[in-house]
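Dear colleague,

I am handing over the structure below, together with some notes on its charged side-chain pairs. Please look through them when you have a moment.

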Amino acid sequence: MSALTRAFGRRAAVTAALLTVVVAAVGAAAATAGSRQAGGTITVLSAGDVDHIDPGQAYYSFTYEISYATQRPLLSYRPNSINAIPDLASAMPKYSNGGKTVTVHIRPGVRFSPPVNREVTSADVKYAIDRAFSSSVANGYAGAYFGDVVGAPRKATKGVPDIKGIQTPSKDTIVFRLKRPDGVFTGSLGLLMTAPVPQEYAKRFDSQTTSTYGMHQVATGPYMIKNDSSGNINGVGYKPGQLIDLVRNPNWSAKTSWRPAHASEVLFKEGYQDPTVMTRTILSGSADVNGDSPPPPAELRSIMTSSSERKQLHFTPAGGSRYVALNTSKAPFDKLAVRQAVATVLDRNAMRLTRGGAIDGRIATHFLDPSFKTQGFAQSGGLAFNPFPSAGFRGSVPKAKALMRKAGYANGMYSGPQVTMVADNSPPGSNTAQVVAAGLAKLGFHVKTISVTHSTMYTKYCNVPKNEPNICPNVGWLPDFHEPQAVLNVTFAGDAITPVNNSNWPLLNDPKINAAIAHARTIVSPQARWAAWGKIDKMVTRSAAAVPWVWENFPSVYSKRVTPAPELWNGGSPDVTFMSVSGS
């Protein structure tokens, strides 16, 4: 996600028992969706803003909460599942020509919201994917997942390209012609860049240096961002950093969708920098669910001791990891031994305590988490693989200093200029950053911390290589779909580095890792593919370009007046299209 970016806000399984409870709870919520009452307003609280309001650029998990309610990609997900099902598509993709031709049929009767007001065609899907390769949109994952389409540009183009390998033989059929069979191509069809965009309306916005289509977007989902008669959402339904107002899409028909969409309106209120205030506001019923930031550790402990409030708390396995990214493109973290010293000295237990301790998840030792089981996790060594061990995961200063000496620092202590870290300006992320800085200080590092909102940390700094600091301590990753490639490709492949919307935060460009990734992308056989990505997981972890520290369970708090609907595929984010308001 896959973003998150498929950037983070979630967690991974603590125990099998907890996973069972979570899945059962979500499944039960989804099962009763059809009997819920319609109407009312759902209020979601967020610390920060979306990464991008344009669905063709969106890659942050919080952004997905809005975009999957307003847009319809070819495939999508129910709250209780990690398996993609047809959404805009009328059926699952069909493969032919030895797996190099993929055909998808479009569901009839899906219409764009005002001011476009017409039925969606396959050409709208083609244009949406084409525009993702343009420099004005610069989608962060287009090349990684659609790079094997015949004619797909290797670099962002000036203007929207016409990708020859995407064909529309009829208004309800789209065909993808691939250079080679791709074992995970189906998963990419659930990404937002496949949600239709009307060319005749959007091209004037896309022709600008940076597209402003996001501020004039139209919807195909049950909701749309409130706009004026010209289609503008800026200052109407979208007030950056303050509010996103979803209202009903008048052109949406329930007959074309499996989403119940009970509520009449969904308000995303942003700027809640104090997670305690956010949590208490929801528990009191003045808001309905946390959209990104989790409750702080003290609140989690308090809620768990209250028989009433405990019913409002839901944990969801995240299927990803949080990690500290070290910029490998410049000193001092261009040296392997220095990075390995950092991986050895960091107190991962203290870092996990900033998010609640064991209740937050298992301490991570590599990037593929236990939810991948035999899909790469076991092949990478499972729970036994830990290349930077220390007692109680508290870090080892002696081992770290030995690695610093190996890097050329005679006394085992860093003696260069200060390093820069861009971190969250609110707990728990700010607390995690403090633990990271304290660990680095044990090796002589002087850390300058720049504190910003979570979304700004990504969009202005960590996602932009020319602005990237030495350390991004608050990043993390959710897979875009449940394949190990979706964990390790966009985040660590050298050819995935982009000037903007970049998710390879360490800027890792290792020839051996690149070659292994390039080969693994071509493997169609599932068992062979998972084994290959398991080996890549080991390679990336040993490179210490990033230091994973927790496989999480994301805690969501719901008010008593709404029915919970955590998304398993999006690491616990609320699916507002499956929530309902009682008594409305």
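**Salt bridges and their surroundings**

Arg280 counts as partly exposed, because its relative accessibility is 31% (buried means under 20% relative accessible area, exposed over 50%, and partly exposed in between, with a 1.4 Å probe and protein chains only). The model is a predicted one, in which local features need pLDDT of at least 70 and side-chain atom pairs count only at pLDDT 80 or more, whereas totals for chains, interfaces and linings use all residues. Residues are numbered from 1 along each chain as its sequence is written, and side-chain values use heavy atoms, with hydrogens and water left out.

The side chain of Arg280 forms a salt bridge with that of Glu299 at 2.8 Å, N to O (a side-chain nitrogen of Lys or Arg within 4 Å of a carboxyl oxygen of Asp or Glu). Glu299 is buried, with a relative accessible area of 11%.

A second pair joins the side chains of Arg355 and Glu552 in a salt bridge of 3.3 Å, N to O. Arg355 lies in the loop between α10 (348-353) and β15 (361-362) and Glu552 in strand β19 (residues 546-557), so this pair ties together parts that are 197 residues apart in sequence (helices, H or I of at least four residues, and strands, E of at least two, are DSSP runs numbered from the N terminus). Arg355 is buried at 7% relative accessible area, and Glu552 is buried at 0%.

Salt bridges that share partners also join Lys126, Asp130, Asp162 and Lys164 into one network. Over the whole structure, the search finds 17 salt bridges.
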